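Me: I would like to go through the strand and helix arrangement of this model. Could we start with the helix that lies across the sheet strands?

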Amino acid sequence: MRRALALAETVLYVTSPNPRVGCVIVRDGVLLAEGATQKAGGPHAEVMALRQARERGIDIAGATVYVSLEPCSHHGRTPPCVDALIEAKPSRVVIAMHDPNPLVGGRGVARLRAAGIDVAIGVLAEESLALNPGFVARMARGTPWLWLKLAASLDGRIALSNGQSQWITGSAARADGHHWRARSCVVLTGSGTVLADDPHLGVREVSTPRQPVKAVVDTRFEVNEQARLFDGSRVWIFTCTHNAEKAARLADRNALVVELPDSGGRVDLAAMMRWMGAHDINEIHVEAGSRLSGALLQADCVDELLLYMAPMLVGPGLDMLRLPALQDLAQAWRFAFTDARAIGPDLRLNARHAGRWSALLSAITD
């Protein structure tokens, strides 16, 4: 199963909106064939492994199949993988996690067992979930998995008081951040960041066959139409302000304007998350200023923190997050550390919202 998960990781930038899945076929401890899911509309991991076995002239009848997600049992863009497995007649199928897709949801396992194939499930389920939190979140709760990327000094500043922020963290940390951009479906920022920094928002530091959608929360629809992010790639603008003429001009540059006002006259961030879930978005990578970062946290949209810390102290400056003062520590937003590692001279800390992670685990193991 660890080999199947390693194969799934090789397609981390490729499969969205489908999950990243690996498949390994073994007999008597000997690897017969393997495969990973291809881009949406292409073959799934099981089909890739079975195809490789056929190309090698190997009959897998009686073999054991390891796959990191329950085989699909419905007709989507491709035929059901469970049919191909039943036809191939393995004696056993070992699965990491249930598919939370309600079109599958245990049906794949049931059909395999009905065909007389022994099935074991739950092997390295959490490791498989770590490769697919967005897919599971979208299927289980209807919204993507969102991580908030922050780069700060040891005293928690993302910029000096005069706004200077380039660069607090080093080149290795910036390149590592592009890996997280590449695996996401959307890179999200705020209008203030676009106006101040004119970011490109694309993936440049790592090789990827697929660029994420660029998205901007822009309450007053102030974005400069000549901003660098409008380079012909897909852009979504979430706003409260109606301006049909500007929206039409931006549409000619492959930008979609989505109006989502809330009762307070700001963009309804929870509605934005639901909108993205309905549009097949699995993972959102946020690189924004303290105002939007804090607003996303207060709107209960943040699932994970991706924090790069530079070994420097800068004194007064801009805080990572703009949050209200709390009266009691019981009100604090709490996360659980999942990783800490040196990235060049800097430190990367990963922390998840423990309750939300537990909910996803329940969706793939119950």
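Reply: This is a predicted model. Helix H10, residues 269–278, lies across strands S6 (145–153), S8 (186–190), S9 (213–217), S10, S11 and S12 (283–286).

Me: At what angle does H10 run to S10?

Reply: H10 runs at about 150 degrees to S10.

Me: And the sheet, what is the strand order?

Reply: The order is S11-S10-S9-S8-S12-S6-S13-S16-S15, an open sheet of nine strands with mixed pairing.

Me: Which strands stand at the edges?

Reply: Strand S11 (255–259) and strand S15 (336–343) do. Each has a single partner strand, so one side of each is left without a neighbour in the sheet. From one strand to the next, the twist averages 20 degrees.

Me: In which sense do S10 and S11 pair?

Reply: Strand S10, residues 235–239, pairs with S11 in the parallel sense, over five bridges.

Me: Changing topic: how do the axes of H6 and H12 cross?

Reply: The axes of H6 (residues 133–141) and H12 (residues 354–365) come within 10 Å and cross at roughly 80 degrees. H6 is therefore roughly perpendicular to H12.

Me: Which residues meet there?

Reply: From H6 they are Pro-133, Val-136, Ala-137, Ala-140 and Arg-141. These meet Arg-356, Trp-357, Leu-360, Ala-363 and Ile-364 in H12.

Conventions:
Residues numbered from 1 in each chain as written. Predicted model: local features only at pLDDT ≥ 70, side-chain atom pairs only at ≥ 80, totals over all residues. Heavy atoms only, no water. Pairing = 2+ DSSP bridges. Helix = DSSP H or I, 4+ residues; strand = E, 2+ residues; numbered from the N terminus. Axes fitted to C-alpha atoms, helices over the stretch in contact; angles between N-to-C directions. Contact = heavy atoms within 4.5 Å. Parallel < 35°, antiparallel > 145°, perpendicular 65-115°, else oblique.
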